[in-house]
Amino acid sequence: MSKRNGPRYALLGLFLVALLATLAVTLQRTPETAAPAAASRDDDKPHQLESLAELNDQAPSRRKLDIQTWQTADGAKVLFVEARELPMFDLRLTFAAGSSHDDGVPGLAMLTNAMLNEGVPGKDVGAIAGGFESLGAEFGNGAYRDMAVASLRSLSDVQQREPALELFEQVLGQPTFPADSLARIKNQVLAGFEFQKQNPGKLASLALFERLYGEHPYAHPSDGTPASIPGISREQLQAFHARAYAAGNAVIALVGDLSREEAEALASQVSAALPKGPALPRTAEPQVPPASTTHIDFPSNQTHLMIAQLGIDRRDPDYAALYLGNQVFGGGGFGTRLMSEVREKRGLTYGVYSGFSAMQARGPFMINLQTRAELSDGTLQLVKDLLRDYLASGPSEQELNDAKREMAGSFPLSTASNASIVGQLGSIGFYDLPLTYLEDFMAQIQALSVEQVKSAMAKHLDPEALVIVTAGPKVEQKELPPPTDKPVELPTGVPEH
């Protein structure tokens, strides 16, 4: 329920148009717009890569973004990138309207967002869905801890653009929150809570956030609780919408086949359709919790292990160093310290991962995995030891260089499509990052030394201050197998949930 997508099937025509446009752009490329490797060729045909060796350890090229920004008369922040390659545009509005603003009513933000496209004056949910579908447009929305979002993808031709925008503005600015839809969505959410009772990983996650955040707004789940959802009224949704979906609380990200003049008019039009009001206050910082270990007894073959502590907020100056350091420790998939020691050498899990979730206030640093129940105590201790050793020694020069090279190769994907760009713009605007953030981030990553990464990781993480939650059966524990190049077996069965 935290994410709801609009109609999709009508997008087939849009995608066909996009494909034709892409082919046209490809066929019309000049030598100047071809890959750098083709610049020294005598002919004017684009060079096709025949071997990875041709990359010569150079990162793939990335789209250069000319990010333009301004503020609408109603107070919304706008970030715009003109992209003429395809005859379409992506629009994304980000509001400080996540569950951290539930104000003691867990699930209020989620229900408000989920109800946006359930009714507007003169149109029910079916008419709204049919309206977007008939225009070949797609509406999307979702609510999370920090934010709530609403998005529109449409063809940029004025005959499709204007009616799609008009309907989008009604959905955002004039939702009616019909009673029958509210009852239906509440029932769906409550049914989801029942399903969660059969998911040990979800139970562990819920318990972890409660223990990590205590009385802080991040402690309760974005979807609310079985106790809170039934009592949420239509009047509460209306009041939350008027306050949290105000123009002054919005970031408008826009990418596509539009001129600056058209983008300004579009942003002003959308902003004017929203309720009037200022930005909501930033989420307060949480208190550091005491170290603790909690076990949830659950009848399963495997035990879920979740290990966490408070990390950083999104604007912390150590963000790049921590991101890179975590890539070496447990964030980069195969080849990380955790995967090498826990999976590859001992066969204790299918996957083990770590990561910083940097949010408006301090988000969690988390390590999660699942393993055979009879080896859970030993696996937990192994992971704790690996974290302690990593904080003490830091990454090796080779590990850091490998992580830098991997990030340089994958980072172009962050701007590979209009949809990915509009997401980046939304984050830049919401977290008040500089417009040059994407370029700055990779430059910072490449300049980091082993000592800088080690210092940042040790500064923000404490192996003696972990909040741990496990979920699985109580069984007699066994000794861990010794490390080997050929572990005897991986955990039985597929990963649960």
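This is a chat about a predicted model of one protein chain.

Reader: Before we start, what kind of model is this, and which pLDDT limits apply?
Author: It's predicted: local features need pLDDT of at least 70, side-chain atom pairs count only at pLDDT 80 or more, and totals for chains, interfaces and linings use all residues. Residues are numbered from 1 along each chain as its sequence is written, and side-chain values use heavy atoms, with hydrogens and water left out.

Reader: OK. How many helices and strands are in the chain?
Author: The protein chain has 15 helices and 14 strands. Those are DSSP runs numbered from the N terminus, helices being H or I with at least four residues and strands being E with at least two.

Reader: And how much of the chain is buried?
Author: Of the 497 residues, 52% are buried. Buried means under 20% relative accessible area, exposed means over 50%, and partly exposed is in between (1.4 Å probe, protein chains only).

Reader: What about contacts between residues at least 6 apart in sequence?
Author: In the protein chain, 84% of those join residues at least 24 apart. A contact here is heavy atoms within 4.5 Å.

Reader: Let's go inside. How many residues does the largest nonpolar core have?
Author: That core has 64 residues, and the ones with the most contacts inside it are Leu 324, Phe 329, Val 342, Ile 367, Leu 425, Phe 441 and Met 457. Apart from it lies another core of 55 residues, including Leu 152, Val 189, Ile 232 and Leu 254. A nonpolar core is a set of buried Ala, Val, Leu, Ile, Met, Phe, Trp, Tyr and Cys residues joined through side-chain atoms within 4.5 Å.

Reader: Back to Phe 441. What is it in contact with, leaving aside neighbours within four places in sequence?
Author: Phe 441 is in contact with Tyr 319, Ala 320, Tyr 323, Met 407 and Phe 411. Ring pairs also link Phe 441 into a cluster with Tyr 319, Tyr 323, Phe 411 and Tyr 437.

Reader: How many aromatic pairs does the structure hold?
Author: There are 14. Tyr 319 and Tyr 323 form a tilted one, 6.1 Å centre to centre with 45° between the planes. Rings of Phe, Tyr and Trp (its six-membered ring) pair if their centres lie within 6.5 Å; planes under 30 degrees apart are stacked, over 60 edge-to-face, and the rest tilted.

Reader: Where do Tyr 319 and Tyr 323 sit in helix 9?
Author: They are four residues apart in helix 9 (residues 319–331), so about one helical turn separates them. Tyr 319 is buried at a relative accessible area of 15%, while Tyr 323 counts as partly exposed at 34%. Phe 356 and Phe 365 make a tilted pair too, at 4.7 Å centre to centre and 45° between the planes. Both Phe 356 and Phe 365 are buried.

Reader: Switching to Ser 354: buried or exposed?
Author: Ser 354 is buried, with a relative accessible area of 9%, and its place is in strand 12 (residues 352–356). Its side chain makes a polar contact with the side chain of Asn 326 at 2.5 Å. A polar contact is a pair of N or O atoms within 3.5 Å; within protein, one must be able to donate a hydrogen and the other to accept it, and residues adjacent in sequence count only if both atoms are side-chain atoms.

Reader: What else is Ser 354 in contact with, outside four places in sequence?
Author: Besides Asn 326, the list for Ser 354 includes Phe 329, Leu 338, Phe 365 and Ile 367.

Reader: Now strand 7. How many of its residues are buried?
Author: Six of the six in strand 7 (residues 138–143). Glu 138, Gly 140 and Gly 142 lie on one side, with Phe 139, Asn 141 and Ala 143 on the other.

Reader: Which strand is joined to strand 7 by six bridges?
Author: Strand 8 (residues 148–155), running antiparallel to strand 7. The two form a hairpin with four residues between them, and Gly 142 stands opposite Val 149. Strands pair if DSSP finds at least two bridges between them.

Reader: Last one: where is Gln 287 found?
Author: Gln 287 is in the loop between helix 8 (260–273) and strand 10 (292–297). Gln 287 is exposed, at 68% relative accessible area. Leaving aside neighbours within four places in sequence, Gln 287 is in contact with Leu 212 and Leu 310.
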